[in-house]
Amino acid sequence: MAKKKKKAGIGIHAQLMRWGFIALFFIFWELSFRLEWIDPLFLAGPIDSFKALPEVIGISKPHVYATVGAFFIAFLSSSAVGAVLGFGIGSVNYLYKTFMPLLILGVSIPKVVLLPLFILWFGIGKLTIITYAALSGFFPMIINTMAAIKEVKPNQVLIAKAMGYNKIQIYRKVVFPSMLPVLSTGLFYACHSSMTGIFIMEMALARYGLGAMVYSLAVTFRTGELYAGVLLTASITIVINVALWSLARYFGKWRD
Amino acid sequence: MSPNLARLGFVLLIFVVWEGFARLGNISPILVAPPTEVIWHILRIFSTFTTVPEFYTNAWITLRELGAAFGITVFLGVAMGFAFSANKTVGDAFEPILLVFYAIPKIILYPIVFLMLGTEMMPKIVYGIMVGIFVVVLNTAAGLRQVEPVYIALARSMGYNKLEVFFKVIIPAAAPTMLAGLRMGFGRCIIGVIVGELLVVNAGLGYLIDWASFQYFTPELYALILITLSLGYFGNLGFNILENRWIK
């Protein structure tokens with residue numbers, strides 16, 4: 001994404017400023033713990049947090065499996081359904097005009113208030129977590145797929161047809177490549193939304209997954225472990241994002 | 001049939017199916033409330049003839065949290081966006097950090113926030129800002145960067161001073177992208193505040209929703225949920241008006 005261009009000419013001053021800021025942040029964090037600006041019951045310093053990390057990794061194994069499994073089911077199903085439906089609705093101009101405002105409304109309203117209803121309908125099992133996360137990921141995916149279709153230039157399709165491409169070749173060589181940038185934006189949003197959905201539901205149910213683990217560490221004031229758990233969860237989400245990013249770059253390679 | 005009419009018909013159809021399903025289907029009234037009853041309960045909640053306790057007090061709390069969160073998001077986010085785009089070094093230094101934080105679902109930081117800030121309005125405001133600010137910063141910076149330098153040079157050569165260039169050239173040119181960022185930021189601020197209220201139940205609309213679901217007052221629950229959802233709808237409507245006015 002935007003990162004690509006900048007890598008070439010990032011100045012030494014910028015590097016210094018960035019790492020200086022990060023170092024200052026950690027020093028400030030440790031100081032605010034050491035000097036007890038905030039009660040140590042509620043704040044753990046970075047050193048303690050990193051010390052607690054091995055122990056937390058030990059207890060978090062089943063939670064990691066639960067979260068990552070639920071995330072992949074929710075993310076893949078929501079993006080698949082969103083892409084297929086979006087492709088179907090987006091290809092027909094009439095349907096596009098009819099449903100686009102409704103779908104935009106679906107993105108812009110805070111769906112999280114449906115949380116008690118989901119618990120009412122689906123119980124407190126894993127199904128609730130996955131359904132809610134899939135719904136969260138569905139709207140950004142379908143909207144971006146529909147927007148991606150508008151990126152396909154009719155002229156290019158016409159030329160390809162004139163050059164004797166058959167339907168499959170047109171989709172593979174013309175339609176899909178021109179949809180790709182917006183489509184991968186949709187995937188990023190869907191990934192982010194369904195991940196957020198998973199964690200929200202896990203925290204609300206407090207039974208399975210990293211969200212539940214982090215939440216229960218917080219409400220039992222095991223602050224050091226809480227910070228370690230948050231660090232662990234954050235790094236897992238970053239790994240997933242980077243994986244998705246390199247996938248998008250691999251498919252978009254022909255552009256550079 | 002025009003698309004608008006078809007959409008209206010589709011929405012009406014959903015309501016009819018929902019009503020029929022709730023009234024005629026073999027389904028517990030605890031799970032699904034028919035829409036007519038929900039609308040009736042919305043009216044009752046607004047006129048305070050209802051079992052829902054202190055609706056206006058709680059709604060006012062949520063609105064205040066939302067106002068504070070969005071206000072600070074706009075102020076800080078736009079300021080940071082300006083700083084990033086005005087100075088290349090600052091932008092290069094901090095934007096990668098911002099992108100990493102943007103990728104992390106902020107919800108996992110919420111336990112840290114409420115542990116530090118307690119259970120009242122503060123953690124919800126801070127969490128709302130954390131969720132909302134990133135799109136505002138990134139879109140403001142992107143919008144300002146894409147202003148054509150030629151326009152600025154032209155305006156300068158026509159004798160505009162710096163302030164005039166800023167308000168008459170740079171801001172209008174950057175407005176569409178900035179407004180899109182603000183719109184998304186607003187949507188996320190609402191989500192942040194409501195998530196905050198639902199996970200740490202203390203007061204506000206989130207508290208009322210939790211109360212209704214805990215008592216199994218299903219029609220009231222549906223009504224409160226619809227009222228809260230409409231916050232996002234009306235916010236979006238407001239941005240449509242702003243967009244029509246500012247962007248020509």
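Analyst: Happy to! Let's begin with the partner: in chain A, 75% of the contacts with a separation of 6 or more are between residues 24 or more positions apart. Please keep in mind that this is a predicted model. Chain A has 11 helices and zero strands, and its C-alpha trace spans about 75 × 55 × 30 Å along the principal axes. Of the 256 residues in chain A, 38% are buried.

Now to the part you asked about. On the chain B side, 40 residues are in contact with 48 residues of chain A. The elements of chain B that each give two or more residues to this side are helices H1 (3-24), H4 (88-103), H5 (110-117), H8 (162-199), H9 (205-215) and H10 (218-246). H4(B) gives the most, with nine residues. By residue type, this side of chain B divides into 31 nonpolar, six polar and three charged residues.

For a residue within chain B, let's pick Ile61(B), which sits in helix H3 (residues 55-86). Ile61(B) counts as buried because 22 other C-beta atoms lie within 10 Å, and the cut-off for that class is 20 or more. Leaving aside residues up to four places away in sequence, Ile61(B) touches Met121(B), Ala203(B) and Gly204(B). Ala174(B), 113 residues from Ile61(B) along the chain, is another matter: the C-alpha atoms of these two residues are separated by 34 Å.

Technical notes: Residues are numbered from 1 along each chain as its sequence is written. Chains are lettered from A and ligands numbered from 1 in the order in which they are written. This is a predicted model: local features need pLDDT of at least 70, side-chain atom pairs count only at pLDDT 80 or more; totals for chains, interfaces and linings use all residues. Two residues are in contact if their C-beta atoms, placed from the backbone, lie within 7 Å. Helices (H or I, at least four residues) and strands (E, at least two) are DSSP runs, numbered from the N terminus. Ala, Val, Leu, Ile, Met, Phe, Trp, Tyr, Cys and Pro count as nonpolar, Asp, Glu, Lys and Arg as charged, and the others, Gly among them, as polar. A residue is buried if 20 or more other C-beta atoms lie within 10 Å of its own, exposed if 12 or fewer, and partly exposed in between; C-beta atoms are placed from the backbone.
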